[in-house]
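Hi everyone, and thanks for coming along this morning.

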Amino acid sequence: MSGLKSIVVAAIAALWVSHVAFADMAGPLNLFSIRAAYDHPVAAVQTTFDAEAGQAVRVSIYKSEDAFLQTAYSKREGQIDASGVAIVPLNNLAPGEYAFAAYLDENGDGVLNRGKILGRPKEPVAFSNGVKPKLGKPDFNDAKVTVEPDSVVVITLDN
């Protein structure tokens, strides 16, 4: 990311820090227009690679460490647009702390495809707070973010 672009992104983040639950800020999302377009929280799932417009992004939401990556509190989905972003509505999600897991359903089968031997995901996966596990699953406390009625949770999918 260029120096000027980093400064602009940091300035936007500083202005919205009390209203945005940042998974990370790797790209040029316009948080002002996202926030203005919705009257409820949303997840903005962005890709760092060329994703095909129309592909589904599936988001699982977890409320506790015990349920994390086992039993989702809620599941939502959105479609990748031409800019590589999917806006996933989080309407009816009560304010509180949640951890998010998102994946790009590249083949459209509705499940996260995994390798047979190690069980590693074959499709791009990301977690809130930019958590990138090395071995094993990430920790709920590392991935949790606070969601409020006007939050934009930004999650970045890497290939």
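First, some ground rules. This is a predicted model, in which local features need pLDDT of at least 70, side-chain atom pairs count only at pLDDT 80 or more, and totals for chains, interfaces and linings use all residues. Residues are numbered from 1 along each chain as its sequence is written, and side-chain values use heavy atoms, with hydrogens and water left out.

So what is pLDDT? It is the predictor's confidence in each residue, from 0 to 100. The protein chain averages 83, and 77% of the residues score at least 70. Now look at residues 4-26, where pLDDT stays under 50. The model has 43 contacts beyond four places in sequence for that stretch, a contact being heavy atoms within 4.5 Å. Where pLDDT is low, the predicted coordinates should not be read in detail.

Next, please find strand β2, residues 56-62. Helices (H or I, at least four residues) and strands (E, at least two) are DSSP runs, numbered from the N terminus. How many residues of β2 are buried? It is 7 of the 7, so β2 is largely enclosed by the rest of the structure. By buried I mean under 20% relative accessible area; exposed is over 50%, and partly exposed is in between, using a 1.4 Å probe and protein chains only.

In a regular strand the side chains alternate between the two faces of the sheet. In β2, A56, R58, S60 and Y62 are on one side, V57, V59 and I61 are on the other, and all of them are buried.

Which strands pair with β2? It pairs with β3 in the antiparallel sense over 6 bridges, and with β5, also antiparallel, over 7 bridges. Two strands pair if DSSP finds at least two bridges between them.

S74 is buried, with a relative accessible area of 14%. Its side chain makes a polar contact with the side chain of R76, at 2.8 Å. A polar contact is a pair of N or O atoms within 3.5 Å; within protein, one must be able to donate a hydrogen and the other to accept it, and residues adjacent in sequence count only if both atoms are side-chain atoms. Leaving aside neighbours within four places in sequence, S74 is in contact with V59, S60 and I61.

On to the cores. A nonpolar core is a set of buried Ala, Val, Leu, Ile, Met, Phe, Trp, Tyr and Cys residues joined through side-chain atoms within 4.5 Å. The largest has 22 residues, and V45, V57, V59, F100 and V153 are those with the most contacts inside it. β5 gives the most to this core, with 4 residues. Apart from it lies another core, of 8 residues, among them F68, A99, V131 and A143.

Now for the rings: the whole structure has 4 aromatic pairs. Rings of Phe, Tyr and Trp (its six-membered ring) pair if their centres lie within 6.5 Å; planes under 30 degrees apart count as stacked, over 60 as edge-to-face and the rest as tilted. F68 and F140 form an edge-to-face pair, 5.8 Å centre to centre with 70 degrees between the planes. This pair links distant parts of the chain, 72 residues apart: F68 is in the loop between β2 and β3, and F140 is in helix α3. F68 is buried at 1% relative accessible area, and F140 is buried at 7%. Ring pairs link Y62, F68, F127 and F140 into a cluster.

K137 sits in the loop between β6 and α3. A polar atom of its side chain lies 3.3 Å from the backbone oxygen of F68.

Last stop: where is N92? It lies in the loop between β4 and β5, and it has a positive phi of about 65 degrees although it is not a glycine. N92 counts as exposed, at 74% relative accessibility.
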